[in-house]
Amino acid sequence: MRASVLRDGRMIYRDDVPEPVPGPGQVLVAVRCCGICGSDLHFAAHGAEVVELSNRLARDRGGMDLDLNSDVFMGHEFSAEVIEAGPDTDTHAPGTLVTSIPVVLSAKGIEPIVFSNTTLGGYAERMLLSAPLLLPLPNGLDVRHAALVEPMAVGLHAVNKSGIGVAETALVIGCGPIGLAIIAALRVRGVETIVASDFSSKRRELATKMGAHQTVDPAQGSPFDVAKAGVVFEAVGVPGIIDDVLQRARNGTRLVVAGVCMQADTVHPFFGIAKEINVQFVNAYTPEEFADSLRAIAEGDIDVAPMITGEVGLDAVGAAFEDLADPERHCKILVTP
């Protein structure tokens with residue numbers, strides 16, 4: 001079977017990956033589309049740091065069981081087609097188009113579909129999913145658009161955690177895929193003033209298409225001078241951003257941190273204390289938010305088409321990882337096995 005795997009920090013094309021066999025409660029699916037996520041790009045460049053921090057966080061729970069000297073399977077933003085079910089498993093008929101939260105249930109427990117030496121992800125021709133977690137694509141939804149349900153759910157979760165009201169002003173810092181997903185969720189929520197900030201003109205253009213009412217180039221002036229925001233969403237994930245927000249935000253601001261910064265960072269608590277700023281870190285989503293995002297895309301409440309800027313086969317995933325480094329060229333590249 002064909003797949004693209006991470007080996008020594010680079011995506012390598014293979015045509016000899018063993019075919020997965022579904023067990024009880026599992027379903028073999030053919031991957032139709034898989035989005036390349038920023039977390040995959042970061043893991044390719046900084047996998048050792050990710051493993052070390054994950055193990056430090058979860059020492060009492062066994063840590064992250066991953067061997068970086070072996071091939072790593074990735075790809076967690078996917079749509080797929082049902083092929084066959086495992087033993088004693090009732091599920092959707094073969095040919096049904098589906099998506100799922102990226103986990104598979106097995107005798108070993110819950111296996112995340114994210115970074116694994118054994119659990120196949122969406123950068124492969126076929127993979128295993130769990131029958132109880134499958135969500136059929138409604139309304140004839142395009143499989144390419146369905147691959148963006150997962151990142152849109154991340155944005156929805158951030159907005160839900162913020163508790164933002166429709167009359168409040170939202171400032172979104174960083175208009176990569178997660179920032180854009182936050183903007184889309186804010187628009188669906190009915191927030192009346194959404195301001196987006198990014199150095200990239202292409203990303204600012206996409207922010208407008210996704211629902212931002214105003215965009216700001218931070219090279220031309222501080223977005224905090226433009227937006228008197230009650231809620232600030234940080235979707236950049238590099239050192240220094242949180243401290244800058246604490247310094248520049250207005251009194252009583254709620255800061256929602258959605259950008260994943262893997263490096264050590266420094267903040268001045270004085271800024272947050274002086275202004276009584278509430279900081280909320282967010283991660284992933286609930287199954288309900290995943291289903292809500294699928295429904296929003298299928299019913300036309302969110303148009304994810306502008307975010308899709310390229311498609312590649314399994315043999316070109318490595319080149320796509322490199323291309324995504326330029327925000328003026330790409331936002332979301334889909335892998336179509």
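Student: In this predicted model, are Tyr-285 and Phe-290 buried or exposed?

Tutor: Both Tyr-285 and Phe-290 are buried.

Student: How is the geometry of such a pair read, and what is the geometry of Tyr-285 and Phe-290?

Tutor: A pair of aromatic rings is described by the distance of the centres and the angle of the planes. For Tyr-285 and Phe-290 the centres are 5.8 Å apart and the planes make 40°, and the pair is tilted.

Student: How many aromatic pairs does the structure hold?

Tutor: There are 4 aromatic pairs. One of them joins Tyr-123 and Phe-321: the ring centres are 6.3 Å apart and the planes stand at 75°, so this pair is edge-to-face.

Student: Which parts does the pair of Tyr-123 and Phe-321 tie together?

Tutor: Tyr-123 sits in the loop between β7 (109-112) and β8 (126-130), while Phe-321 belongs to helix α10 (residues 317-323), so the pair links parts that are 198 residues apart in sequence. Both Tyr-123 and Phe-321 are buried.

Student: Now the sheet. In what order do its strands lie?

Tutor: The open sheet has 6 strands in the order β12-β11-β10-β13-β14-β15, with parallel pairing. At the edges are β12 (214-216) and β15 (278-281), each of which pairs on one side only. From one strand to the next, the twist averages 20°.

Student: How many bridges join β13 and β14?

Tutor: β13 pairs with strand β14 (residues 254-257) over 4 bridges, in the parallel sense. Glu-234 has Val-257 in β14 as its bridge partner.

Student: Which helices lie on the sheet, and at what angles?

Tutor: Helix α7 (residues 241-248) packs on the sheet and touches β10, β13, β14 and β15; its direction makes about 170° with that of β14. α4 lies across β10, β11 and β13 and runs at about 165° to β10.

Student: How is the length of α4 checked, and what should its 13 residues span?

Tutor: The check uses 1.5 Å a residue: the 13 residues of helix α4 (residues 177-189) should span 18 Å, and the end C-alpha atoms are 18 Å apart, which agrees. Just after α4, Gly-190 has a positive phi of about 95°.

Student: Which residues of α4 are buried, and what covers them?

Tutor: In general, an α-helix has 3.6 residues a turn, so residues three or four places apart point the same way. In α4 the buried residues are Pro-177, Gly-179, Leu-180, Ala-181, Ile-182, Ile-183, Ala-184, Ala-185 and Leu-186. Their cover includes α3 (149-162), α5 (201-210), β10 (169-173), β11 (193-197), β13 (231-234) and β17 (332-335).

Conventions: Residues numbered from 1 in each chain as written. Predicted model: local features only at pLDDT ≥ 70, side-chain atom pairs only at ≥ 80, totals over all residues. Heavy atoms only, no water. Phe/Tyr/Trp six-rings, centres within 6.5 Å; stacked < 30°, edge-to-face > 60°. Helix = DSSP H or I, 4+ residues; strand = E, 2+ residues; numbered from the N terminus. Buried < 20%, exposed > 50% of the residue type's maximum accessible area, 1.4 Å probe, protein only. Expected span 1.5 Å × (residues − 1). Contact = heavy atoms within 4.5 Å. Pairing = 2+ DSSP bridges. Axes fitted to C-alpha atoms, helices over the stretch in contact; angles between N-to-C directions.
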